[in-house]
Amino acid sequence: MEKLLEIKNLEVSFQTYGGTVKAVRGVSFDLHKGETLAIVGESGSGKSVTSQSIMKLIPMPPGHISGGQILLNGDDIVPKTEKQMEKIRGKEISMIFQDPMTSLNPTMKIGNQITEGLIKHQNMSKQDAKNRAIELLRLVGIPMPEKRVNQYPHEFSGGMRQRAMIAIALAANPKLLIADEPTTALDVTIQAQILELMKDLQSKMDTSIIFITHDLGVVANVADRVAVMYAGQIVEMGTVDEIFYDPRHPYTWGLLASMPSVDSDHSADLAAIPGTPPDLTNPPKGDAFAARNSYALAIDFEEEPPMFQISETHFAKTWLLHPDAPKVEPPEAVKKRIRQLSSTFEKPVLVKEGK
Amino acid sequence: MAKYIGKRLLYMIISLWMIVTATFFFMRIAPGNPFASEKKLPPEIEANLNAHFGLDKPWYAQYWEYLVRIVNWDFGPSFKYKSQTVNDLINEGFPVSFLLGMEAIFIAVAIGVLLGIIAALKHNRWPDYTAMIIAVLGISVPSFIMASFLQYFLAIKMGIFPVARWETFMHSVLPALALASTPMAFIARLTRSSMLEVLANDYIKTAKSKGLSSGVITVKHTIRNALLPVVTYMGPLTAGILTGSFVIEKIFGIPGLGAHFVTSINNRDYTVIMGVTVFYSILLLVSILLVDIAYGIIDPRIKLAGGKKGE
Ligand SMILES: Nc1ncnc2c1ncn2[C@@H]1O[C@H](COP(=O)(O)OP(=O)(O)O)[C@@H](O)[C@H]1O
Ligand code: SF4
Ligand SMILES: [Mg+2]
């Protein structure tokens, strides 16, 4: 498979009155053509900052990409100027935001919000763009698109607005679609419809998707691979099966244990991860998760763990995978789901820095 | 829409009736009368005068007569200027005040909006600080002091503009500036905060994520939304300009309605006070209605009640 996006050691920080917030601290991952990667993590773990950095949409200042590379088709976008980014945004990469109530301009017709990008990127005439907008609205499942195209956002329900937002994002046939918690603000039945729509559109248009969520529950349905983020770092990454059936990082265990599942009969076991994420102005020494981790070892408070590789596709950043680490059992709720996966290496392999 | 306007017109008539009634009774309980002067008039003459102006009739008769006359757009004779009616005064003074007011509104909106936009786009940099210093000065310096400043520096010291009177366009610049300074400063701050609010909105990020240039985003997505609160402010702005013009017209010796109004209050010229008050009230009510209608047209989320949906 061809690599569309390659992120290497990305670091993003924000200059605030309280000091420098290190929101993203060395994130690396790849994305292949047509693939869906889910980024999961609690609120504040740096998912939005990571994804907005890919489009250079973070406010600069106070934001600043302080290190790393973002290769789109092998071409680093970090040094690109705003003018150059305008040609990438909307055309190569598009984004859907969390709250469809606020992400559409309230005083502009839906149709015009779709055609803007078309006219800019594809040099379409007004009339052609409008016809294409109607077609797009139909594609995302909005009934009576000829009428809807002339309406304003307030005439749309939340779910319909998110569909319109998807139409805007897909207008210029981008190669990468970033969906930042696209269903979080919607109620459950609408959530399912939007997820269904996104899957359907992906198979039709063959876009790659980065799907951001704090809810592991929706991941299994949409993603090929999952990256678990904590305190500005990816702490575990693997295929959906690897993350769901063979998780190795205690933080992933915590997320899985706090996820309500259909087959779980004792819902009393549902446990949110205790404590709160660390302050990223002064990230703690050692592992950022140590203070909240009941499995923490002495070394966790001293030295940051390296990345270990568990299979061709499965990585986890925890000392527990070190050969000298004591053997620990994941919590009951997680243990129940663990399966032996055939692709797993015999032993975790330490990933050398600068891979 | 027609239904909405009809309803608003009805409310306007009710408000006007209350204003007319209130002014009528306030005038009656105010001490002194229009014929009071140093020289005591002989009682016969005073009785004659009272009879001439209908002041000898019981209050309810006077009140009723007054209402009937106002409905016929007749504000009666001036007590003080024997040969003039209140209508004459309004017809003469209002065009002048209107011109001055329009000029002031234009300055306030144009410069205020411009300053606000620049300040917001250069947030926390020197253009922002400069614009906000101008705004704070404009808000905290009362218009009559501003008027004297302008007269002193721009007219007397530098001789760019005439000091007073109402003859050419150049004569209107200083009074219009003085009148506009406070609302202009207010509009600048309003525009700035509203721009900053809009700029922080998700839909600006959406616009950016489409690959639009920052110029297009500013014009098409930011300014239009940021100006909505400014449109709402047009009602109070009109009121501010109207009341501000009383003092400014006096200071600059402009023969407008405001100056007449102040003179007539000093003279206890009942009919002029009442007539001009009613006239100003109508003006204000109409401008508020116009602003509301304009707002409904600009902001698609506002459907004027009674209007047909989806039109
Ligand atoms: N504009 C900003 N200024 C300062 N800090 C910011 C800004 N945007 C994000 N951050 C910080 O970056 C961190 C990650 O935020 P974010 O990526 O939004 O988290 P997530 O999307 O995972 O909930 C948070 O600690 C947040 O405070
Ligand atoms: S490295 Fe240590 S603190 Fe961090 S997750 Fe692993 S066991 Fe917990
Ligand atoms: Mg987020």
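Helices here are DSSP runs of H or I with at least four residues, strands are runs of E with at least two, and both are numbered from the N terminus. The angle, on a scale from 0 to 180 degrees, is taken between N-to-C directions of axes fitted to C-alpha atoms, for helices over the stretch in contact, where contact means heavy atoms within 4.5 Å.

This is a predicted model, in which local features need pLDDT of at least 70, side-chain atom pairs count only at pLDDT 80 or more, and totals for chains, interfaces and linings use all residues. Residues are numbered from 1 along each chain as its sequence is written, chains are lettered from A and ligands numbered from 1 in the order in which they are written, and side-chain values use heavy atoms, leaving out hydrogens and water.

Now for the sheet itself: nine strands of chain A form an open sheet with mixed pairing, in the order S6-S7-S8-S3-S9-S10-S12-S11-S13; two strands pair if DSSP finds at least two bridges between them. Strands S6 (93-96) and S13 (349-350) of chain A are at the edges with a single partner strand each, so one side of each has no neighbour in the sheet. Within this sheet, S3 (residues 36-40) and S8 (residues 208-213) of chain A run parallel and are joined by five bridges; Leu37(A) has Ile210(A) in S8(A) as its bridge partner.

A second open sheet has four strands of chain A, ordered S2-S1-S4-S5, with antiparallel pairing. Helix H1 (residues 47-54) of chain A lies across S1, S2 and S4 of chain A, at about 120° to S1(A).

Finally, look at ligand 2: the residues around it (a heavy atom within 4 Å) include His249(A), Asp287(A) and Trp319(A).
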